[in-house]
Amino acid sequence: MTSPKEEGKKPEKKEKRPKIPRQPMPLQDPAVRARNFDEVPYGYTEELAKLESSRCIQCKKPFCIDGCPVRINIPLFIKKIYEGNILEAAQIMKKDNFLPAICGRVCPQEDQCELVCILGKKEEPVAIGRLERYAADYEAEHGKFEMPEMPPKTGRKVAIVGSGPGGLTCAGELIKMGHDATVFEALHKAGGVLVYGIPEFRLPKAIVQREVDYLAKLGVEFKMNFVVGRIRTVDELMEKDGYDAVFLANGAGLPVFMNIPGENLNGVYSANEYLTRSNLMKAYKFPEYDTPIKRWKNVSVIGGGNVAMDSVRTALRLGADNAYIIYRRSHNEMPARKEEIEHAEEEGVQFRMLTNPTRIIGDKDGWVRAIECIKMELGEPDESGRRRPVPIKGSEFEIETNAVVMAIGSGSNPLIASSTTELKVNKWGNIIVDSENTGRTSKKGVFAGGDIVTGAATVILAMGAGRNVAAAINEYLAYKAIGW
Amino acid sequence: MYEITEKKVWSDEVPGIKEFKIMAPLIAEKQQAGQFVILRIDEDGERIPLTIAHKDLRNGTINLLFQEVGKTTMDLGKLKKGDFIMDISGPLGTPTHIERYGTVVCIGGGIGVAPLHPIAQAMKGAGNNVISIIGAKTKDILIYEDLMSATSDKLLITTDDGSYGRHGFVTDELKDLIDGERKIPIDLVVAIGPPIMMKMVCRVTEPYKIKTVVSLNTIMIDGTGMCGACRVSVGGKTRFVCVDGPEFDGHQVDFDEMMQRQRQYLKEEKIAVETHQHLCCK
Ligand SMILES: Cc1cc2nc3c(=O)[nH]c(=O)nc-3n(C[C@H](O)[C@H](O)[C@H](O)COP(=O)(O)OP(=O)(O)OC[C@H]3O[C@@H](n4cnc5c(N)ncnc54)[C@H](O)[C@@H]3O)c2cc1C
Ligand SMILES: Cc1cc2nc3c(=O)[nH]c(=O)nc-3n(C[C@H](O)[C@H](O)[C@H](O)COP(=O)(O)OP(=O)(O)OC[C@H]3O[C@@H](n4cnc5c(N)ncnc54)[C@H](O)[C@@H]3O)c2cc1C
Ligand code: SF4
Ligand code: SF4
Ligand code: FES
């Protein structure tokens, strides 16, 4: 089998390429999946992957690569898929992206690689994310574990705080450079938001575990239940335990509430609590698992991002009759991925747009009974360029609800910053670095990256930071004597 | 994995009271008075907080004392010497603020005496005159009398049923110390026990403006400030018990809200115990 455009061969100008539409992924039926926690899409079959890969015209100047924060060689891996060399395709992706099975699922592709794919100008872009997922899953199933050739040990050791995508990527890079890498994680499972936040139906936990196991095989050490700042401070890791450098990848895990009346009523949760109970603690399997979660009939989720979509779809799967998204702007401004919004709509989530909560109303026993909201209209654009929502006077109304989940963003946890000497943070508590390419903080030997630097962002950006910082740490360890 | 190196059964009655000595050198090294751990027994287990009642630096162990009130603590009670606990995270929480206040009255109710012990010890160590009041429903479940006696300048005991010490509540002794026959100047009160006891202690000390520190036991999950499950209102502001606490100025705490929040999973807790007993009998 040859690719549609062999490299070097000049594409024949007027060749009529049969118009193949963008291939959808087969999905679980919405009515069924809204009540189970199994993954929503089944992924491409071999035929679909082949058909979709044939759509790529193998651009000489592939814009798609510029759209990918870690610059995967997209046309090349797609070509390999087309040629049927799926394992090779996976290897190509893995050169730049350590977690393709995860990114293929959760990357906001429509704003990145697929946004700039040339096909998108006239028709729909190549489904790069779906192909990435296909090749990565294929490799997981058919590939054999081969110990990569490891360089001789350098005798340097690096402490990595946090096991989210940023920390995992950095650990993988460092171990392959011959350094010792230890990941310290506060929770009992590695993966960060990938295991405690993003639900099983969107990212099966076995996929994350596979990547963690792989790192452990390469020699990365994992210390779980280890809250840096409590059991050991960053200073102690360096001075007492002899770590030559530290990478802070502790994420943006601080819940934000709205500061409206009624927020401490029973039945009000941060999205972090709601999702952690369900995902990390497997409360959706209660009482098989010990951690409980309430199976409410009416659940209101405040917010319009991925976290809100994950929460509201979890509520449906826990048996809600009415699951609402309450969002103060309009449909178009919701920051969640388009696909997630569509999936939520298909599953029966009810969207209350241009609506903002003003207070939560309790019953006599202290449980949530309703949420009072006010209607909003769009006014002048604000600093983000989006039209600012302004309340319409006197338009308050109530929505009957048993539970309210706050998914309006997350801040940075102050534990590390407050327990580390000489570490500078900005007014939001984000660690200040000299540049995102190196991740150097104000403290010598300490680097930072991912959500703790940028504020809540994306998996791929955290991974990119992990990779950049690993290179910077490598350099630092080699020339440690030279100034900071 | 954390090994249980000793087990002591304080009471086999329902609810049982048990104490473990556990091998955890790193945690022992860092523990300060007022701090706790969060543990998970096994893969499908819940994360629950327990205070570190003792530590032994030389042997690298910590002691946890617990009451069997639900599924997890009952499971825990079944473990024996030589068994392992899967996960223990700690020490967590902000340590007790220790300084030389003068006279400190340490009040412990029920198993609250266990978390009180390291605090009394540290207060004594800082040169305070430590008067302790410990209480229990009945004599058989009074814990840590010896230890508290050793770290206090004076130890007063009450039981609800009068089977030992003074017949009455810890607050009765406290009232005596503040404004009764044995009246003494008090600089600080530390109270740990059931929420209702802490609330009552605060009610007694408030009119006299005696600073009162309480240790709250809200529902927790992560213990790092990530989930907000442990939140309480203190002085009208929302605070997280796992990082800002567990100790707060008792006169500022909204105890009613806290107790209401503690009851959130009563129904599920019952199901957990029932399912569990059902499985055990099979
Ligand atoms: C519900 C939800 C859905 C999301 N959906 C998407 C999506 O679809 N696509 C996408 O690209 N992005 C998504 N994101 C965002 C994405 O998950 C994050 O941007 C990304 O995980 C950040 O990675 P990180 O490595 O910086 O930190 P995290 O993934 O946050 O990991 C940080 C880790 O550090 C640990 N830690 C914190 N403090 C300490 C300490 N003191 N000591 C030791 N360990 C500590 C934490 O327990 C955690 O495990 C979502 C986020 C959430 C919450
Ligand atoms: C900082 C702190 C220190 C504590 N120290 C001790 C101690 O030293 N000894 C001791 O016996 N107990 C202590 N507790 C209370 C102990 O955590 C609970 O008794 C235990 O979680 C009950 O779990 P269960 O499954 O056995 O019971 P459940 O049936 O789950 O609950 C019984 C009661 O315990 C409370 N509870 C339930 N889940 C939690 C949870 N995750 N966190 C906190 N409370 C919960 C509820 O109010 C409930 O009414 C402490 C709690 C906190 C917050
Ligand atoms: S990692 Fe994300 S942005 Fe890059 S190619 Fe894959 S899906 Fe696109
Ligand atoms: S821009 Fe689109 S068509 Fe061009 S190489 Fe990239 S994926 Fe293929
Ligand atoms: S237990 Fe989660 S924030 Fe305190």
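Tutor: Let us begin with ligand 1, where a nitrogen atom of the ligand is 2.6 Å from a polar backbone atom of A:Val106. Please keep in mind throughout that this is a predicted model. An oxygen atom of ligand 1 is likewise placed 2.6 Å from an N or O atom, which in this case belongs to the side chain of A:Glu185. The backbone takes part again at A:Asp451, where a polar atom lies 2.9 Å from an oxygen atom of ligand 1. A:Val106, A:Glu185 and A:Asp451 are among the closest residues to this ligand, as are A:Gly166 and A:Arg202. In total, 34 residues surround ligand 1.

The residues around ligand 4 include A:Cys56, A:Cys59, A:Cys64 and A:Cys117, together with A:Pro75 and A:Val126. By class, the shell of ligand 4 holds nine nonpolar residues, with no polar and no charged ones. As for its location, ligand 4 sits in the largest cavity.

We may now turn to chain B and ligand 2, which has 23 residues around it. Those that come nearest are B:Pro49, B:Leu65, B:Gln67, B:Thr73 and B:Ile111. Oxygen atoms of ligand 2 also lie close to polar atoms of the protein. One such oxygen is 3.1 Å from a backbone N or O atom of B:Gly70, and a polar backbone atom of B:Gln262 is 3.1 Å from an oxygen of the ligand. At B:Glu269 the side chain supplies the polar atom, at 3.5 Å from an oxygen atom of ligand 2.

Finally, consider how the two chains meet. Here 48 residues of chain B are in contact with 44 residues of chain A. About 3,800 Å² is buried between chain B and chain A, and carbon and sulfur atoms give 51% of this area. On the side of chain B, the residues that lose the most area to chain A are B:Met226, B:Arg231 and B:Tyr265, which together account for 18% of what that side buries. Six salt bridges are counted between the chains. One salt bridge joins A:Glu236 to B:Lys30, with the closest N and O atoms 2.7 Å apart. There are also 25 residue pairs in polar contact between chain B and chain A.

Technical notes:
Residues numbered from 1 in each chain as written. Chains lettered and ligands numbered in written order. Predicted model: local features only at pLDDT ≥ 70, side-chain atom pairs only at ≥ 80, totals over all residues. Heavy atoms only, no water. Near = heavy atom within 4 Å. 1 Å grid on protein atoms, 1.4 Å probe; cavity = no way out; pocket = protein on both sides within 12 Å on 5 of 7 lines; lining within 4 Å. Sits in = over half its atoms within 2 Å of the grid points. Nonpolar A, V, L, I, M, F, W, Y, C, P; charged D, E, K, R; others polar. Contact = heavy atoms within 4.5 Å. Buried area = accessible area lost by both parts, 1.4 Å probe. Salt bridge = Lys/Arg side-chain N within 4 Å of Asp/Glu carboxyl O. Polar contact = N/O pair within 3.5 Å; in protein donor to acceptor, adjacent residues only side chain to side chain.
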